[in-house]
Amino acid sequence: GNMKSWENALLVVSGLVPLLGLLSSPSDTMPLIYTFFVFVFLFRGNLTAFLERLPGHASLHLFILFLLSGSLTEILAWISNYLKDAPEPALFHPQLIPDLILGIGFYGGWAIAWLLAMRWFRFTLLEAFVVTGLQGVFLEQLGAVFVKMIGVFASNPLLSIFLVVYVFAVHGSVTGLAFAPLVGRFDEPPKSRHWVRFPVAIALMVSLAFLGTWLIQTCMLLFGGLPAKRSIVEHPFW
């Protein structure tokens, strides 16, 4: 009843916060992935019903949703980096198409990691969001982001907390978007809720993201490899 509508109202407000990033100069489009997550979360019932009518197993649906959610994340990240003419963008590749190709390996790795984890364990949507968010905070760019947050904390604790929330929300949203309409379809048969499920999910995500990205890079060598990294503004797409 009333509690639910309060929670939904708070969620909607939180989903509008990333729109403020569009007002900054240059605009930051990256946090909009969280806005997309809130939207999908609120309409997850309709999406679940839609996906259940589609052919294919829930595992295939989750894999495809991870690739879509990951691609959306990369496009938003790429736009942000393009708008600020980042000399060394925090992307898989400064050019959009190679970035999206490498993203298939990275987010495909995440998808397989979660499919494996959910063979043994049961996760709620919130747990999956939090696990992915925390692994983003601690392991993004091999821990460089976390080290930066620690470094900033002494001089500017508010900025440090903002960075933590930002990275947490962006990473959590990638998994949240893929999971929201599907998580219930992995509950049967009942599976373990042992706490070890959290480190297992993180270890799988990190290792399979690396493996997936490496595999895609190796496959691309058969087609002459990906183009060299160049200026994101002079060579936006390839």
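Tutor: The turns below concern salt bridges and then one serine. Please keep in mind that this is a predicted model.

Student: How many salt bridges does the structure hold?
Tutor: There are four salt bridges in the structure. As background, side chains of opposite charge can pair when their charged atoms come close.

Student: Which residue pairs with Glu7?
Tutor: Glu7 has Lys4 as its salt-bridge partner, and their closest N and O atoms are 3.3 Å apart.

Student: And why are Glu7 and Lys4 about one helical turn apart?
Tutor: Both belong to helix H1 (residues 2–16), and they are separated by about one helical turn because they are three residues apart in that helix.

Student: Is Glu7 buried or partly exposed?
Tutor: Glu7 is partly exposed, because its relative accessibility is 35%, which lies between the limits of 20% and 50%.

Student: Moving on, what does Arg193 meet in a salt bridge?
Tutor: The side chain of Arg193 meets that of Glu127, with an N to O distance of 2.9 Å. This pair links distant parts of the chain, 66 residues apart. Glu127 is in helix H6 (residues 125–139), while Arg193 is in the loop between helix H8 (157–179) and helix H9 (197–221).

Student: What about Arg197 and Glu127; what is their N to O distance?
Tutor: Their side chains form a salt bridge at 2.7 Å, N to O.

Student: Which residues do salt bridges with shared partners join into one network?
Tutor: Glu127, Arg193 and Arg197 are joined in that way.

Student: Changing topic: where is Ser80 found?
Tutor: Ser80 is part of helix H4, which covers residues 58–83.

Student: Buried or exposed, and why?
Tutor: Ser80 is buried, because its relative accessibility is 6% and the cut-off for buried is under 20%.

Student: What is Ser80 in contact with, leaving aside neighbours within four places in sequence?
Tutor: Ser80 is then in contact with Ser27, Asp28, Thr29 and Met30.

Definitions and conventions. Residues are numbered from 1 along each chain as its sequence is written. This is a predicted model: local features need pLDDT of at least 70, side-chain atom pairs count only at pLDDT 80 or more; totals for chains, interfaces and linings use all residues. Side-chain values use heavy atoms; hydrogens and water are left out. Helices (H or I, at least four residues) and strands (E, at least two) are DSSP runs, numbered from the N terminus. Buried means under 20% relative accessible area, exposed over 50%, partly exposed in between (1.4 Å probe, protein chains only). Contact means heavy atoms within 4.5 Å.
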